[in-house]
Structures are given as structure tokens and as C-alpha cells.
Amino acid sequence: MSPTVRAFLKSSLAWLAIGVTLGVAMAAHPVWTIYRLAHVHMMLLGFVAMMIFGVAYHLVPAFSGFPLHRPTAARVHWWLANFGLATMASGFVLRVHAPAAGTILLAAGGSLSAAGAYLFVYLIWRTIDGPAHLRAGAHRARTAMDNRRPGRQPLPLATSSRGTPPAA
Ligand code: HEM
Ligand code: HEM
């Protein structure tokens with residue numbers, strides 16, 4: 001597991017802990033449901049999305065067979081996602097008491113978080129496609145595997161080593 005994957009999984013767990021704490025606080029003291037939007041985004045953008053980001057950065061390279069495109073950019077995504085969400089959540093809380101200041105924080109945090117999301121889309125997209133110099137080889141390997149499926153013509157190499165009886 002790469003350090004970035006670990007960081008995403010741990011930040012997801014941290015957001016879960018903070019989010020359920022606010023949830024329980026709201027449940028116990030209903031006046032605090034004015035902070036519902038902070039809870040919602042800690043849960044969905046913090047816990048759920050960070051878990052998905054971490055799992056995707058680990059699994060998509062394994063599924064696609066290609067290395068993660070620009071691992072350092074994934075680390076930048078972690079900072080954008082977490083700093084962005086912390087700023088956003090502060091904005092949602094502050095907006096209840098000081099709408100103008102809260103909106104500035106919310107817009108700033110939301111923009112950082114969105115920038116992180118766009119970066120994620122780009123990195124995972126490029127990882128699915130793979131680097132150009134590996135793509136051709138991967139295509140040849142996949143075609144060779146296809147030829148070994150039942151009902152398809154076996155590769156000439158396979159016929160000569162296994163299927164053809166020795167000459168009398
Ligand atoms: C200990 C766990 C949790 C507690 C005690 C809790 C409590 C609450 C409370 C009190 C509200 C406000 C309801 C209202 O406005 O009257 C709320 C809203 C919400 N919670 Fe939680 N929550 C918990 C976990 C979660 C989790 C795990 C998620 C999602 C992954 C989640 C997603 C939401 C959403 C989306 C809303 C907004 C619903 C709406 O728009 O009406 N909550 N929660
Ligand atoms: C850049 C990221 C995001 C920004 C800036 C953002 C911003 C907002 C804003 C401004 C609202 C409306 C608040 C209001 O009613 O005044 C909202 C509501 C909501 N957002 Fe987000 N959001 C983001 C990402 C997400 C994501 C990824 C999810 C889910 C996975 C989500 C789920 C929700 C839900 C469920 C509500 C309605 C909550 C309620 O009314 O109880 N948001 N968001």
C-alpha cells in the first residue's frame with residue numbers, strides 16, 4: 001500500500017470519527033442541526049469519498065495492469081481534498097453566524113475540493129488507459145490470451161509444442 005493510499009484511508013477514518021461526533025451532538029441537541037451541512041459533507045466528501053479515492057488509487061492500477069499515472073499528483077490531491085474539506089466545513093459552520101465570511105470560506109474550500117476531484121478524474125482516467133509505450137504491448141498480450149479461449153484458433157506456438165504429434 002502506497003503512502004498516499006494510507007493517507008486517504010486514514011483521513012477517511014478521521015472524517016468518519018469527526019462526522020459521527022457531530023451527528024451524535026446534533027441528535028442529542030437538536031438546535032445544532034443548523035450545522036447539518038458540515039456533518040453531511042464530512043460524511044459524504046470526507047468518509048465516503050476519501051475511502052473511494054484511497055481504494056481506487058490502490059485497485060485501479062492492479063485492475064488495469066498499469067502503474068498509477070503521476071503518483072506525486074495523487075499526493076497533491078490528498079492535500080486539496082483534505083484542506084479543501086476542512087475549509088468547506090468551517091465555511092458551512094461560519095455561514096450560520098456570519099453569512100458573508102462563511103460564504104467566502106465555503107467558496108474557497110469548495111474550489112480546492114473540486115480541483116482535487118478533477119485531478120482524481122484525470123489521474124484515474126490516464127491510469128486506466130496506461131502509458132502509450134506500454135499500451136501496444138498490453139494489447140498484444142490481451143489478444144494472445146483471447147486466442148487461447150475455447151472455440152478460438154490456438155496460437156501457432158501452442159500447436160507446435162502441445163498439439164502436433166512427433167513425426168514418425
Ligand atoms: C453516529 C452516526 C450518525 C448520527 C448520530 C447522525 C445524525 C444526524 C442528524 C441528527 C442529522 C440531522 C437531521 C435533521 O436535520 O434533523 C443528520 C443528517 C444527515 N446525515 Fe447523519 N448521522 C450519523 C451518521 C451519518 C453517516 C454515516 C452518513 C453518511 C455516510 C450521514 C449522512 C447524513 C446526511 C446526508 C444528512 C442530511 C439529511 C438531510 O438532508 O435531510 N450521517 N445526521
Ligand atoms: C466541491 C465539493 C462540494 C461543494 C462545494 C458542495 C457544496 C454544497 C452546497 C453549497 C450545498 C447546499 C447548501 C445549502 O442548502 O445552503 C450542498 C448540499 C449538499 N451536498 Fe454538497 N458540495 C460538494 C460536494 C458534495 C458531494 C461529493 C456530495 C455527496 C457525495 C454532496 C452532497 C450534498 C448533499 C446531500 C447536500 C444536501 C444536504 C441537505 O440539504 O441536507 N456534496 N453542497
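## Contact between α2 and α4

In α2, the residues L45, F53, A56, V60, P61 and S64 meet S113, F120, I124, T127 and I128 in α4, where contact requires that C-beta atoms, placed from the backbone, lie within 7 Å, and where helices are DSSP runs (H or I, at least four residues) numbered from the N terminus. By class, this contact of α2 with α4 has eight nonpolar, three polar and no charged residues, with Ala, Val, Leu, Ile, Met, Phe, Trp, Tyr, Cys and Pro counted as nonpolar, Asp, Glu, Lys and Arg as charged, and the others, Gly among them, as polar.

## Basis of the model

This is a predicted model, in which local features need pLDDT of at least 70 and side-chain atom pairs count only at pLDDT 80 or more, while totals for chains, interfaces and linings use all residues. Residues are numbered from 1 along each chain as its sequence is written, and chains are lettered from A and ligands numbered from 1 in the order in which they are written.

## Surroundings of ligand 2

Ligand 2 is surrounded by R36, L37, V40, H41, L44, L45, A49, M88, G110, S113 and A114, a residue being near if its C-beta atom, placed from the backbone, lies within 6 Å. Both α2 (36-64) and α4 (99-129) supply at least two residues of this shell, and the largest share, seven residues, comes from α2. The shell around ligand 2 has seven nonpolar, three polar and one charged residues.

Notes. Two residues are in contact if their C-beta atoms, placed from the backbone, lie within 7 Å.
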